[in-house]
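Here is a short tour of one structure, meant to be read with the model open beside you.

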Amino acid sequence: MALVLVAVGGWYGYRQWTGSDCSGELKLTLAAAPEIAPAVEKTADAWAADGAEVDGLCVAVEVTAAESVEMAAAVAGQHGVSVSGVGQASGSAVLPNVWLPDSSTWLLRLRQQAPAFAPQNNTSVARSPVVVAMPEPLATTVGWPQKKLGWKDLLGRITTGTQLKTGLVEPSRDAAGLAGLLSLSIAAQSAGGAQAQQATTAALRALATGVSAVREELIAQFPRATDPTSIARGLGAAALSEEDVIEFNAKKPPVPLAALYLEPAPISLDYPYAVMPGIEPAKAAAADKLFAALGTAGFRRDLAAQGLRAADGTWADGFAPPRGAPSPAGTSQPTPTTPAPNPGGTAGGGDGLLIERVLSSWAVATQTGRMLAIIDISGSMSRKVPTANNATRMQVTLEAARRGLALFDDSWALGLWVFSTELNGSRDYRSLVPIGPMSAQREQLESKLGTITPKKLGDTGLYDTILAGYRAVQDDWQPGRVNSVVMLTDGKNEDADGISQAALLAELKRISDPDRPVRVIIIGISAEVSKAELDSIPKVTGGGAFVTEDPAKIGDIFLQAIAARESSTPR
């Protein structure tokens, strides 16, 4: 009791000495990326001790180090959405008053899925450029530190040989990995046409061979001995933050890492100060005052001690830059209004849709599965799409299917059906290629896609086809894979002689087996599609319904749908 009285008396005396007459306490919680948390905590403690107050209340700041992906999962859960690759939040995750993730790309991705998520401020307080980390002996062979390299140079080395072992932290869960993936994807797309698709696919598959779940796992793969064999067998290049390289080299390893600042610069880690929506006014005011404290010279020095730059890309005293590091370096923070794909000469872009498109391509290229694709060939698929240079719905659908097919590697098993009404007697569907390994029937699938045309006056036999497709995949269900049906359609069920919606749902519920799940993904591509009608089916089977009124957008929808299969469960 005496100790408590002394502590309270000391705190009260300090407040009197500093000239503060506040009473009571206002607690402000802040979750920050682990590498910046110590600098934020030091500044916040000094600010609070110096008499921080709001409306007569003394402000106490609780700073917690939190991985950005964990906080993103918690925010997504609060809004009832899922973010690709992020997963579910842990049961102990609690949303803070202020979130300081390592990158604004987390905010962009969350806003893409949950438009109601609208944090305030969002201004960067620090920066760490994303670099390509490479063991110094290897870096010298590509001209480091004198020669300026670009992402096209790296792309060529990745896709035309096997000598450079590349790695990446899972980009759906790591902002530096995402920045590197975006830069490589844009470099590949710059080739244009079919070459762009081939280069993109080759880059994704090459990176996928060296993907790691967490950063520590990836960094541990760099060579730890100086002999040529160890260097040849170890990790040769990886997209990491500058801070990662500084931390690695600070431990004086036998083989230091070089930081290559490739051009165009990828999206930097920019540490946005996000004041969470819905907090009480007093805490919002305290958050604004703390933000001002993070703009001081003292905070810049604290950042430097942690291997971080100031928000403008320059560094303060105490910073240990990698050899050849420029100042300033990196990119300004991306915003939801930043154009894509190449704003201001940067490689990454800040467009949330671009990010989701690249991550969807990555997911398709790195997953493995067993899938039956079913394409609508009803008469309405002949209608022209003004937003696609008057190509028909059939043409844009087949183009999306061809692009998707190029991303599937030989570990996949695929089959192809078409459907309308009365394609085979009274049957609404027809098998073009049975489900089989891509390694054996890729050419056959590509050839059959080229023969598909709409059936003149054909209607949409949706329900009978879904049930038949589900049974076909279920009959030869394979463990260790995501077994799925993917249907592309532009209309509602129009088969009056077929099964009803109620009967379809009842039968799917009866035959579904949680030990042998089959996901049903339905992609609707016109204003005639009923979202409610399509949604009712994956609620029973697992999967999802994806609808766009503009058929020209089917390419993005198709990739998102395939990427979402694994995490989609019945509701």
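## The second largest pocket

How much space lies in the second largest pocket? About 670 Å³, in what is a predicted model. This pocket is lined by 29 residues, and those closest to its centre are Glu67, Arg215, Glu216, Ile219 and Asp244. Helix H3 (68-78), helix H9 (215-219) and helix H11 (242-250) are the elements that give two or more residues to the lining.

H11 provides the largest share, with five residues. Sorted by class, the lining holds 13 nonpolar, three polar and 13 charged residues.

## Helix H14

Let's move on to a helix. H14 covers residues 352-366, and its 15 residues reach 21 Å from the first C-alpha to the last, close to the 21 Å expected at 1.5 Å a residue. Twelve of the 15 residues are buried, so H14 is largely enclosed by the rest of the structure. Among the buried residues are Leu354, Glu356, Trp362 and Val364.

## Backbone details

Trp144 and Pro145 are joined by one, with omega about 0 degrees; Pro145 sits in the loop between helix H5 (136-141) and helix H6 (151-159). Another joins Ser327 and Pro328, with omega about -5 degrees, and Pro328 lies in the loop between helix H13 (297-305) and H14.

Then there is positive phi. Lys252, not a glycine, has a phi of about 55 degrees and belongs to the loop between H11 and strand E10 (257-260). Lys252 counts as exposed, at 70% relative accessibility. Glu422 has a phi near 50 degrees and is found in strand E15 (residues 413-424); Glu422 is exposed too, with a relative accessible area of 53%.

Terms used:
Residues are numbered from 1 along each chain as its sequence is written. This is a predicted model: local features need pLDDT of at least 70, side-chain atom pairs count only at pLDDT 80 or more; totals for chains, interfaces and linings use all residues. Side-chain values use heavy atoms; hydrogens and water are left out. On a 1 Å grid over the protein atoms alone, a cavity is a set of points where a 1.4 Å probe fits but cannot get out, and a pocket is an open set with protein on both sides within 12 Å along at least five of seven lines; lining residues have an atom within 4 Å of a point. Grid points are joined across faces, edges and corners, and a volume is the space filled by probe spheres set on the points. Helices (H or I, at least four residues) and strands (E, at least two) are DSSP runs, numbered from the N terminus. Ala, Val, Leu, Ile, Met, Phe, Trp, Tyr, Cys and Pro count as nonpolar, Asp, Glu, Lys and Arg as charged, and the others, Gly among them, as polar. The expected span of a helix is 1.5 Å times one less than its number of residues. Buried means under 20% relative accessible area, exposed over 50%, partly exposed in between (1.4 Å probe, protein chains only).
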